[in-house]
Structure formats: C-alpha cells, structure tokens
Amino acid sequence: MRYALLLLMVSLAAREPLPELTWGAATDGNVPYAFHPDNTDALVGFEKDIVDAIARRLGRQPKAVRNDWDGLVPGVQAGKYDIAINGIEISDDRAKEVDFSIPYFKCYEQIVVRRGGPRPESLAAMSGLRVGTLGQTLALELLENTPGVEAVRYDQELQAYNDLATGRIDAVLLDVPIAKYYAGPDPRLELIGEPIGEIRYAIALRKGSALKAPIDAALRGMIADGELRRILSKWDLWGPAQASLYGQPPEPLGTPDGYLDYVSRVRDSVSWTEKLARYFSPEALSLLAKGAGLTLALSLSAMLLAVALGLILALARVYGPTPLSWLAATWIEVIRGTPLLIQTLFLYYGLPNIGIQFPPFVAGVLALGINYAAYEAENYRSGLRGVPRGQLEAALALGLTQRQALRHVIVPQALRVCLPTMTNDFISLLKDSSLVSMITLLELTGSYQRLATQYYDYFLLGLLVALIYLLLGLPFVRLARQLERNLDGDKAAR
Amino acid sequence: MSYPQIDAVPDLRAELISKAYGSIQVLKGISLHLRPAELVCMIGSSGCGKSTLLRCLNGLEPVDGGSITLDGAPVSPLDLRRRVGLVFQGFHLFPHLDVMGNLLLAPGLLRPEFTKEDTDYAEQLLARVGVSPELFNRRPHQLSGGQQQRVAIARALALRPDAVLYDEPTSALDPERTADVVALIRDRQQEGLAQIVVTHDMPFARALACRTIHLDHGEVVADAADLLTAPRDERTQRFLRACLA
Ligand SMILES: Nc1ncnc2c1ncn2[C@@H]1O[C@H](COP(=O)(O)OP(=O)(O)OP(=O)(O)O)[C@@H](O)[C@H]1O
Ligand SMILES: [Mg+2]
C-alpha cells in the first residue's frame with residue numbers, strides 16, 4: 001500500500017509540464033466568444049470553454065494569444081499560434097488559406113433595429129437604409145450583395161450598436177450571439193425579423209496541420225457526451241440550430257449562468273461618479289498603467305532606432321559616395337511614401353512568409369523606428385545642409401579626418417538645428433505607436449479599447465486616455481527645451 | 001614660451017601647381033619654396049588667387065597639376081593638413097564650442113598623448129594674441145570680430161604645425177592688436193616654423209619686413225626681400241601705388 005503511494009507520488013512528480021495549445025482570438029470586446037469580464041487578464045466565453053475542453057482532451061495546456069480579428073487567419077498561417085477560434089465562419093475563400101475543424105457552432109445573421117426607427121424584417125427590406133456590420137463577415141457580404149443597402153463597416157461590435165442607438169445607422173446585421181449579447185440587454189434596441197443566411201463556426205488550423213484529426217476527434221467526443229451542449233447552454237446559445245447540427249435534443253442542459261452573469265453586469269445602470277470610481281479601480285488603473293508603460297517603452301525604443309538610423313541615412317545621403325547617397329534617398333522615399341500601417345502589418349504578418357519572424361514588441365519597434373528614421377533622415381539632412389561649408393573646411397584644415405569632422409563639428413551643430421523638429425517627431429511617434437495595437441500589443445490605445453468595450457463608454461475613458469498621452473509627452477518636451485538651452489551655451493553668457 | 005623643434009621642421013615646396021574652378025584658371029603653375037623658419041608675405045589684388053593658393057598648400061583643395069612636398073617627399077592631403085596650419089580669411093570658428101574648445105578640439109583628437117602641456121600651450125597662445133582668460137569659456141558669437149580673428153589664429157597654431165598660412169590675419173584688428181600678431185609671428189619664426197602671410201594691410205606687411213611675393217592673375221610676378229621698398233616689376237609698382245592711394 002505504502003509502496004503504491006510512493007510510486008504514485010514519483011510518477012506525479014516526474015510528469016512533464018503539459019505541452020501548450022496556443023489559440024488566437026481578438027479578446028477586446030468579443031462578447032460572448034472569449035472576453036475579459038472585468039479589467040483583469042481573466043478570460044471567459046463559450047469559445048474559451050470549448051478550447052479548455054479540447055485542450056483537456058488533448059492533454060495540453062491552453063494559452064490564449066491576443067490578436068486583431070482581421071489578422072487571425074494570417075496569424076495561423078504565420079504560425080503565431082496553433083489554432084484560431086473566434087467566430088470564424090467557414091467560407092470557400094478562407095478554406096483556401098487554412099484548414100478547418102468540423103464546425104462547433106451554427107447560427108444565423110440577426111437584424112437589430114432601434115426602437116422607434118425603421119423596422120426592416122428582411123434583407124430586401126433594408127434597401128435604402130444604412131446598415132452596420134463587422135468586416136470580413138458573411139453579414140457584410142450579404143449586405144453588399146443586396147441592392148440599395150449602404151453597408152457600414154465597423155471594427156468593434158459595440159461601436160455598431162452604439163451608432164444604431166444614437167441614430168447614425170438604421171440597422172445592424174450580425175451573428176446571433178453578438179446580437180443577443182450586445183443588443184439584447186440594451187432597452188433602446190430590438191431584435192427583429194427572420195434568421196438570415198447560415199453560419200458555421202470552425203477552428204482554423206494551418207494547412208496540413210497534424211492537429212486537425214485530434215481536434216476533430218475531441219469535438220466529436222464533446223458532441224457525443226453532451227459537453228458541447230452543456231457549454232453552449234451555459235451561454236444560452238443552445239437551440240434548434242445547434243440541435244440540428246449535432247442531431248441532439250433542442251432543450252438546453254443546465255442553467256445559462258454565463259449569460260445571466262453577463263446580463264447582470266451590463267444591466268447595472270451606472271452613474272458618472274460610479275463610472276469614475278470604476279476607472280480608478282486598481283484593475284482599470286493597472287491596465288492603463290501597463291498600457292502606458294508599453295507605449296512609452298515602444299516609443300522610446302523606436303525613437304532611439306529612428307535617431308540612429310536616420311543619422312546614418314542622412315550622412316549617407318549628404319556625404320556618402322553617389323551610389324550610397326542614391327540608395328539612401330530611394331529608401332527614404334519608399335518608406336515615407338507608404339503608410340505606417342502597411343509597414344507594420346507587413347513586418348508582423350508578411351515577413352513570416354519568407355521565414356522572418358519577430359515578436360510583437362520587436363516588430364512594433366522596427367516598424368515605428370524604420371518609418372520615423374526616414375523623417376529623421378530628412379530632418380538631419382536639412383540640418384547638415386544648414387551648417388556652413390566653412391565649418392567642414394575648418395575642421396579638415398585642422399587635420400581632422402572627414403569622419404572626425406562630421407562627428408565633432410558638423411553633427412553637433414546640425415543636431416541643434418534639428419532638435420525642435422525631433423521633439424515634434426517624438427510626440428507624433430508617441431501617438432502613432434497606437435497603431436501597433438494592430439499587432440497584438442496591448443498598449444495605451446489597446447487598453448482604452450478594451451476598457452471602453454467593457455464599460456460601454458468611449459467618452460470619459462477617452463478623456464482620461466488623452467490626458468495620459470499628454471502627460472507621457474510632456475517630460476520629453478521639457479527635456480528637449482533644456483537640451484536646447486544647454487547647446488546654446490546660455491550659461492556662459494550670464 | 002619657446003618650443004624649439006627646429007630639427008623637426010622640414011621645408012615646404014610647391015612645384016608648378018595649377019588649379020581651375022570650372023573654366024576659370026585660378027592658379028597658373030606656381031612654384032614656391034619655403035625653408036624652415038622662413039617668413040613670406042604675399043600680396044596681390046582681390047581675386048588673384050591668394051586664398052586658393054593657401055588652400056592648396058594646406059591640402060584642403062586638391063591641385064589639378066604640380067606637386068607639393070615636405071622635405072622633398074610627397075605627402076598625403078591629410079598629412080599636409082595636419083602639418084600645415086591655415087588661418088581662414090573668414091575665421092570659421094566652431095560656434096558650438098567655446099574658445100578653449102576651439103583650440104583643443106584638434107589636439108585632443110589627433111594627439112594620443114594629449115596632456116596638460118597642450119592646454120598650457122593653448123593658453124599661452126591666447127595670451128600672446130591678447131585674448132584674456134575671462135573669454136576662454138565664451139562661444140564665438142559672444143566675441144567681437146577682432147577677438148574672433150585672434151582666436152582663429154591661435155587655433156591654427158594649437159596643434160603645433162610645421163608651417164602656418166595666414167589669410168588676411170589682421171583684417172579685423174586695430175594697430176595695437178596688429179602689433180601683437182607681428183610679435184606672435186616672430187615667436188613662431190624663432191621656433192622654426194615656416195610661415196606665409198597673405199595681407200592687404202600695408203603697415204602690417206612692412207612691419208613684418210620679410211621676403212614678399214606679388215601674385216597676379218594666378219602667377220607670381222615678383223618675389224623679393226625688398227619688394228615693398230624697391231619694387232622692380234612694373235605691375236608691382238602699379239599695385240603698390242594703388243594700395244597707397
Ligand atoms: N569654390 C569656388 N568656385 C568657383 N570659383 C572660385 C571658388 N573659390 C574661388 N573662386 C574664384 O577663384 C578666384 C580666386 O579666388 P581667391 O579667393 O583665391 O582670391 P583672393 O586672391 O583670395 O581674393 P581676396 O583678396 O578678395 O580674398 C576668384 O575669381 C574667385 O571667384
Ligand atoms: Mg582671399
């Protein structure tokens with residue numbers, strides 16, 4: 001007996017840590033798929049429950065990877081995570097890019113309107129109306145193929161329903177779970193009309209992934225033993241549609257705890273003072289502080305890179321031999337002539353196609369740094385040109401080499417002229433760093449988006465975050481002024 | 001403040017150097033020999049190529065033809081610039097450095113054994129041209145034109161070159177300060193440096209009382225010790241008359 005116990009303990013201790021199953025999802029907003037119900041990193045949602053169940057059956061440790069929704073499929077291809085699960089509809093186009101598991105969910109598109117507004121009950125009835133939806137969805141495709149409909153594309157579900165409530169658009173067409181969770185509890189909105197279209201969600205895997213067979217098997221197991229039914233019932237998403245997909249009874253299994261919990265959170269009408277108290281809660285503040293820290297770290301690293309690279313480019317352009325100067329000029333034009341957003345996406349999602357893969361932070365610093373280097377280079381070039389020719393000659397005549405003359409005579413004088421523009425560029429970089437929230441970095445703007453979709457408030461939080469950006473930039477403006485004064489040598493004058 | 005290095009000082013020789021800017025032939029085959037400790041004054045009308053010649057002798061401007069040698073051996077432009085100092089007509093002080101910084105930049109970078117002695121030497125040079133210590137920490141824009149010119153002269157000497165070329169070194173100076181510069185040039189002569197002084201300032205040229213070269217349209221038209229007192233060439237006589245008028 002004692003021997004057996006010992007054996008058990010040994011075998012437990014010797015057990016290797018489970019291999020990870022990384023899964024990509026856009027966890028900002030994203031109710032009820034996989035979302036953060038409070039401001040912590042804790043995730044809940046029906047897809048989260050499904051992944052947990054699959055991972056358990058596969059003997060793996062699930063690990064969520066936050067990613068922009070538009071970039072989920074490219075992320076699978078680039079190998080940023082093993083699988084993507086986030087309301088991804090099976091479509092012919094996508095099937096060319098990735099493999100799909102068997103579907104785990106089936107539903108329709110749901111029309112939502114404003115109480116007291118137009119009441120289109122079908123696709124055709126929406127002709128002449130402005131209808132909101134999310135990008136890359138079946139709903140968008142349906143709307144675009146319906147004559148007379150003006151489709152309005154949103155990035156966040158909440159923004160679409162907000163615009164509907166305030167009358168900017170006339171209806172929203174989105175997947176049933178989204179409508180149920182975002183519009184359902186909102187007294188200003190109403191779900192109407194017949195089910196439209198048919199959507200099947202499945203897990204996206206890299207083409208030829210060895211994980212497809214075991215994941216399909218796990219899903220089949222979950223269907224067979226009722227685990228999937230229990231999960232979907234918990235989120236109040238079980239109904240005839242699911243039952244028909246899996247050949248099971250249409251009645252839910254167990255209480256819809258997930259749904260009820262969510263609704264009770266949302267339904268609390270919150271006064272402004274309570275809202276403020278929420279924003280200053282330790283969770284919200286720590287999220288914002290982390291975001292601000294990341295923004296600052298990104299911006300400082302990127303600016304350092306931009307200054308160093310910009311100086312090299314400018315020197316090559318002004319003092320380099322002709323081919324080098326030409327190369328630098330072309331590089332600067334290419335970088336300045338293309339959008340930062342494209343450069344960022346290219347670095348993060350594009351380069352892995354040719355085998356170059358950077359972690360998000362590095363990709364963000366590179367994208368921002370390389371982009372701003374082009375602007376810095378032009379700034380320094382005009383600074384270098386602004387130093388009188390006699391300065392270089394005087395330095396050379398004293399026996400300095402060209403390199404020494406540049407380093408000790410020309411560059412310091414040029415930098416003084418460039419400093420105000422550099423300060424300007426840094427402030428602008430600080431703000432542009434918000435673009436890298438596109439590549440899964442939860443910096444300040446990303447934190448704002450997450451909190452805003454959680455609290456249904458873009459207003460007060462917006463002011464708060466704007467203030468934080470302002471405070472981040474201020475010390476550097478002051479530092480630059482001080483530096484300018486020192487370079488001017490005003491101390492000696494007094 | 002003597003710093004004897006006569007043994008080390010070589011002589012500077014230019015052979016038939018020519019220089020053109022585009023289609024303008026500025027120097028038309030000039031030959032010049034400067035022995036150690038020799039002082040030469042150079043005069044000539046505006047635009048005749050004096051500054052250009054100095055820039056070529058310093059190695060700053062590449063020549064189209066001819067050669068420049070030190071002690072008979074050809075030297076690289078970089079070596080030439082290190083061993084032949086040049087005081088610019090336009091001063092070209094470094095505006096981001098103070099007076100001391102201007103003097104010590106080159107010695108600090110080029111002498112691995114840079115010591116306090118170099119600092120002392122820089123201070124002596126400044127004292128010699130009448131720049132008082134309270135100006136040492138000023139930036140060039142906080143100095144008068146004459147003060148700037150004197151700092152520029154001291155800067156060219158701080159690296160202890162073998163030869164020094166002055167381009168109108170007294171253009172911004174009053175007679176008293178001009179006398180300081182004359183004394184400074186004499187000191188350098190004592191030390192064995194070869195020196196060329198380009199000037200329009202006739203009292204200054206006479207005070208130097210040395211071999212004088214008259215440059216005209218890129219050519220040497222006269223080269224004599226008594227050129228100022230007894231000009232023989234007709235063009236020189238005309239030029240000197242114009243200077244007095
Ligand atoms: N970088 C240049 N490019 C073209 N022409 C030049 C250049 N530098 C000088 N020159 C021309 O070369 C000629 C000689 O100029 P330089 O400066 O040597 O004259 P200078 O004798 O020193 O005159 P000054 O007494 O007025 O200083 C002038 O005609 C001038 O216009
Ligand atoms: Mg001149």
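**Figure 1. A243(A) is found in helix α10 of chain A, which runs over residues 240–246.** The model shown is a predicted one, in which local features need pLDDT of at least 70, side-chain atom pairs count only at pLDDT 80 or more, and totals for chains, interfaces and linings use all residues. Residues are numbered from 1 along each chain as its sequence is written, chains are lettered from A and ligands numbered from 1 in the order in which they are written, and side-chain values use heavy atoms, with hydrogens and water left out. Helices (H or I, at least four residues) and strands (E, at least two) are DSSP runs, numbered from the N terminus. A243(A) counts as buried because its relative accessibility is 6%; buried means under 20% relative accessible area, exposed over 50%, and partly exposed in between (1.4 Å probe, protein chains only). Leaving aside residues up to four places away in sequence, A243(A) touches W238(A), Q248(A), P249(A) and P250(A), where contact means heavy atoms within 4.5 Å. A243(A) and K106(A) are 137 residues apart in sequence, but 9.4 Å separates their C-alpha atoms in space.

**Figure 2. T146(A) sits in a loop of chain A, between α5 (138–144) and β7 (150–154).** With 11% relative accessibility, T146(A) counts as buried. Beyond residues up to four places away in sequence, T146(A) touches L123(A) and A124(A).

**Figure 3. Helix α6 of chain A (residues 157–165) is mostly covered.** Seven of the nine residues in α6(A) are buried: E157(A), L158(A), A160(A), Y161(A), D163(A), L164(A) and A165(A). An α-helix has 3.6 residues a turn, so residues three or four places apart point the same way. Just after α6(A), G167(A) has a positive phi of about 90 degrees. Y161(A) touches V112(A), V172(A), L174(A), I178(A), A179(A), Y182(A), A183(A) and L189(A), again without residues up to four places away in sequence.

**Figure 4. The largest nonpolar core holds 60 residues.** Such a core is a set of buried Ala, Val, Leu, Ile, Met, Phe, Trp, Tyr and Cys residues joined through side-chain atoms within 4.5 Å. The residues that touch the most other members are F46(A), I50(A), Y104(A), Y161(A) and L219(A). Helix α2 of chain A (residues 46–58) supplies the largest share of this core, six residues. A second core is separate and has 56 residues, among them L406(A) and V409(A) from chain A, and L70(B) and F88(B) from chain B.

**Figure 5. Chain A meets chain B through 22 residues of chain A and 25 residues of chain B.** The area buried between chain A and chain B is about 1,900 Å², and carbon and sulfur atoms give 61% of it. Here buried area is the accessible area (1.4 Å probe) that two parts lose on being put together, summed over both. On the side of chain A, E393(A), A397(A) and L398(A) lose the most area to chain B, together 30% of what that side buries. The two chains share one salt bridge, a term for a side-chain nitrogen of Lys or Arg within 4 Å of a carboxyl oxygen of Asp or Glu. E393(A) forms a salt bridge with R55(B), and their closest N and O atoms are 2.7 Å apart. Four elements of chain A each give two or more residues to the side that touches chain B: α17 (389–397), α18 (402–432), α20 (459–488) and α21 (490–493). The largest share of that side, seven residues, comes from α17(A).

**Figure 6. Chain B has eight helices and ten strands.** Of the 245 residues in chain B, 56% are buried. Among its contacts between residues at least 6 apart in sequence, 68% join residues at least 24 apart.

Figure 7. The loop between α7 (202–208) and β9 (211–216) of chain B holds A209(B). A209(B) is not a glycine, yet its phi is positive, near 45 degrees. At 62% relative accessibility, A209(B) counts as exposed. H217(B) lies in the loop between β9 and β10 (219–224) of chain B. H217(B) is also a residue other than glycine with a positive phi, about 50 degrees. Its relative accessibility is 54%, so H217(B) counts as exposed.

**Figure 8. The peptide bond from V31(A) to P32(A) is cis.** Omega of this bond is near -5 degrees. P32(A) lies in the loop between β1 (20–25) and α2 of chain A.
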